[in-house]
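Me: I would like to learn how to read the packing and pairing of side chains in a model like this one. Could you take me through it feature by feature?

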Amino acid sequence: MSDKWDFRFLRLAKEVATWSKDRSTQVGAVIVGEDKTPGPYGFNGFPRAIDDDIEDRHSRPMKYKWTEHAERNAIYNAARIGMSLKGCTIYVTHLPCADCTRAIVQVGIKRVVVDADSLENADFASRWSEDDKITKDMLDEARVDLGVLSASTPPPAAGDDD
């Protein structure tokens, strides 16, 4: 896939992230088929039918018990519609945690594209740095490609048929 399409889908993941009600970090994920068809998406938030207006549920460490991550939400949304994710790419606003990485590997996603800008977020890194190495090692061992690009810096213009 061209940089143009990677940029577009990563920007779409950033838009999906804005739907999250998380008070500290909004994360979005979009899964795309091999033919560039965008499929299921997810953002970090509470499960369906769970009241996300109860303030105590948004404070650490309790919020980790109530919140589902964007990557797994996208995978669960695919399961709800019976969609296979084998060979797909997932575009994510932040590097997936080890738990989400296990799910990504298990469903057969073959490529993960992460927004480079998120890697500069010191607050996020301080909470999830332990997972970074595990995530990268797991993706490498499972032969899942990891791409990193900046969603804020578009690639040079390319032809419409890319």
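**Reading the core and the charged pairs**

Reply: In the largest nonpolar core, which has 19 residues, Ile31, Leu85, Ile90, Ile109 and Val112 touch the most other members. Such a core is a set of buried Ala, Val, Leu, Ile, Met, Phe, Trp, Tyr and Cys residues joined through side-chain atoms within 4.5 Å, where buried means under 20% relative accessible area, exposed over 50% and partly exposed in between, with a 1.4 Å probe and protein chains only. At least two residues of this core come from each of β1 (28–32), α3 (70–80), β3 (89–92), α4 (98–107) and β4 (111–115), and α3 gives the largest share, four residues. The helices (H or I, at least four residues) and strands (E, at least two) are DSSP runs numbered from the N terminus. This is a predicted model, in which local features need pLDDT of at least 70 and side-chain atom pairs count only at pLDDT 80 or more, while totals for chains, interfaces and linings use all residues. Residues are numbered from 1 along each chain as its sequence is written, and side-chain values use heavy atoms, with hydrogens and water left out.

Me: Which residues is isoleucine 109 in contact with, leaving aside its neighbours within four places in sequence?

Reply: Contact means heavy atoms within 4.5 Å, and by that rule isoleucine 109 meets Ile31, Leu85, Cys88, Thr89, Ile90, Ile104 and Val144. Cysteine 88 is buried, at 4% relative accessible area.

Me: How many disulfides does a search of the whole structure find?

Reply: A disulfide is a covalent bond between the sulfur atoms of two cysteines. With the cut-off set at cysteine sulfur atoms within 2.5 Å, the search finds zero. The sulfur of cysteine 100 has its closest cysteine sulfur in cysteine 97, at 3.8 Å, which is too far for a bond.

Me: How should I read the salt bridges, and what is the count?

Reply: Side chains of opposite charge can pair when their charged atoms come close. The rule asks for a side-chain nitrogen of Lys or Arg within 4 Å of a carboxyl oxygen of Asp or Glu, and the count comes to eight salt bridges. One of them joins arginine 23 and glutamate 55, with the closest N and O atoms 2.7 Å apart; this pair links distant parts of the chain, 32 residues apart.
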